Amino acid sequence: MFNCINRLTLCLQGVGLTLFFSCSQPTVKQKADIIFYGGPIITMEGGKDSLVEAVGVKDGKILFVGMLEESEDYKDKRTVLRDLKGKTLLPGFIDTHSHLTAVADLEGAVDLSPAPPGKVNSIKNIQQVLRTYIRTDSISAGTPVIGNGYDDAMMSEPRHPTRDELDAVSSKHPIMVLHASGSMSVVNSAMLALLGINEKTKDTEGGYYDYARNSLGDRLNGRLDGNATFHALATLMAKLPTGDNPKDVLKKKIERLVNAQELWIRNGQTTVCDGRTMNGSMELLKTVASEGLFQVDVIYFPDFESVRNEIGSMKADYMKYRDRLKLGGFKFSSDGSTQGKAAWLTAPYLVPPAGESSTYRGRSIYPDSVLYEDLKCLFLQKVTAQLHVNGDAAIDQALRVVEQLSREGVYTEDIRATLIQGQNSRPDHMSKIKALGLIPSYFPAYVHLWGDWSVNNVFGSARAAFLSPTQAAKNAGIPFTIHHDSPVTPPNLLTAVYAAVNRTTRSGVVLGADQRISVMDALRAITINAAFQYHEEHDKGSIAKGKLADLVILDSNPLAMDPKDLRNIKVAETIKEGITLYVAK
């Protein structure tokens, strides 16, 4: 017994000595590859930790965040010291809704955007620009011509062009001009023939040709709305001349997609969205990824209707990055744009579109029953969705359907479905969105670009004042995000920040002053809230130890300037996992 006790005592003493010496030895800290200092560092962590003096990066992740004096422990002779020289460091911006592949597809389209920065502010301008393009580029007869970005809200007329006006440009070239919203278009007679559309063509689900009929008869005037435009584009893309060598065609598509990616990188975005992947773009994304050409993370949302029969086989890619590409869920479009008067409303438009009655409220794309079954299919598999809902009736429908699925236990908050746009929202929506755990992603640039149009032509002042209600979402405790919806606007999230903070229209009127948010809240919407929307808050969205070193350096501090000057901030550098991808010249 004595020997056993002695042995136990010696063992315990040995353990105690080991613990003593291990505790008394200083912990050897890892050394940083890079230490940033010398300028404001906004971590987006909240509270007193929002502003720090130094950040250390190792192996593409954040190693240290704190005071400059503390950073000495993380430095050795191999550490690169990056003096910000007064510039501001933030987490890399996260794009929560845009259309990367659409920007790539439209690289060769004729620019019909209004001034500024474009030059097209009348039907006559559209005709002039198209004629000049056909002549100067020697476009041969029969070759399709695609224009992009015309905006009836900015037209001197103001209205959409017609089939006959595009026929006046050319009867030998099929012509299609896409509206700035991306959800409607106008085509000429040659394009109607190429697409196989005529007066006997029936509406598709959520797509309308009768919306474009001449009020004097049943002759189509060329206007295609909603899914009619998307189906026409798919048909057109399949008919476009591709050349003799398929490899050359693929090479050109890859080049355009890589060029598009560069636009996001130059604007400080380290995570990019493709918000409605269709028409073969999914395979293109996978090809570019497999060739290692994505420098930033790309999250894609295939159009549910176009891949509904492939959902089972696609599940393996859900929420998993493969060569920087991740399937983030699926996209639904429940209505059209508000500026194009195709959103689905509960109250009539202030001024109805040509040919519509004073009771016109837009149209739905899905009946409740179809949306219910489709969402149930996804939510049972714990797969999320982005729901394009511009009008308040479309938002009502989404809330009805999701609430029903929630009562049945099919939808749960951890799925984090997103309401995209939500322009014509109402105050009573907020408590329902909060209760269901939905995430609204707003488009505040709409207030600046189309605010005047909304007041005078679309909604009237009362409804227009509640467009993109970011402060209402903040008050309700909803983690909202904001986006740029490129190519509807350029891929610049700082413009979205400016618009959300100021809410000034083109004419300088403050529209909905009570919905303005602070600069910090706007920055949260494109960083930590955006990471939460994507289920990536543990890896992205703030500068914190262990997270990816996705960073952006701005030439000015957005927290220390007049909010009116926010749109003048420039991205000085974009960094993905510690590697610099872009430096401003």
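Colleague: Why is Ser486 called buried?
Modeller: The relative accessible area of Ser486 is 2%. Buried means under 20% relative accessible area, exposed over 50%, and partly exposed in between, with a 1.4 Å probe and protein chains only, so Ser486 with its 2% counts as buried. Bear in mind that this is a predicted model, where local features need pLDDT of at least 70 and side-chain atom pairs count only at pLDDT 80 or more, while totals for chains, interfaces and linings use all residues. Residues are numbered from 1 along each chain as its sequence is written, and side-chain values use heavy atoms, with hydrogens and water left out.

Colleague: Where does Ser486 sit, and what does it touch?
Modeller: Ser486 is in the loop between β20 and α17. Those names come from DSSP runs: helices are H or I with at least four residues, strands are E with at least two, and both are numbered from the N terminus. Not counting residues up to four places away in sequence, Ser486 touches Ser98, His99, Val103, Trp264 and Pro491; contact means heavy atoms within 4.5 Å.

Colleague: What makes the pair formed by Ser486 and Thr489 a polar contact?
Modeller: A polar atom of the Ser486 side chain lies 3.2 Å from the backbone oxygen of Thr489. A polar contact is a pair of N or O atoms within 3.5 Å; within protein, one must be able to donate a hydrogen and the other to accept it, and residues adjacent in sequence count only if both atoms are side-chain atoms. The 3.2 Å of this pair falls within that limit.

Colleague: What is the peptide bond from Ser486 to Pro487, cis or trans?
Modeller: That bond is cis, with omega near 15°. The bond from Glu157 to Pro158 is cis too, with omega near -20°; Pro158 is in the loop between β8 (145–150) and α4 (163–167).

Colleague: How do you know that α17 is mostly covered?
Modeller: In α17, 9 of its 10 residues are buried, among them Leu493, Tyr498 and Asn502. At the start of α17, a side-chain oxygen of Asn492 comes within 2.9 Å of the backbone nitrogen of Leu494. After the helix comes Arg503, with a positive phi near 55°.

Colleague: Why do you say the buried residues of α13 line one face?
Modeller: The buried ones in α13 (residues 429–436) are His429, Met430, Ile433 and Leu436. Seen down the axis of α13, they fall within an arc of 140°, so they line one face of the helix; that arc is taken over the directions from the helix axis to the C-beta atoms. The face turned away from the buried side carries the exposed Ser431 and Ala435. Cover for the buried residues of α13 includes α12 (392–407) and β18 (418–421).

Colleague: What makes β6 and β15 edge strands?
Modeller: The open sheet has 4 strands in the order β6-β13-β14-β15, with parallel pairing. β6 (93–94) and β15 (325–327) each pair on one side only, and strands pair if DSSP finds at least two bridges between them. Helix α8 (residues 281–290) lies across β13, β14 and β15, at about 160° to β14.

Colleague: And Lys382: buried, exposed or partly exposed?
Modeller: Partly exposed, because its relative accessible area is 40%. Lys382 has a positive phi of about 60° although it is not a glycine. His535 likewise is not a glycine and has a positive phi, of about 65°; with a relative accessible area of 28%, His535 is partly exposed.

Note on methods: Axes fitted to C-alpha atoms, helices over the stretch in contact; angles between N-to-C directions.
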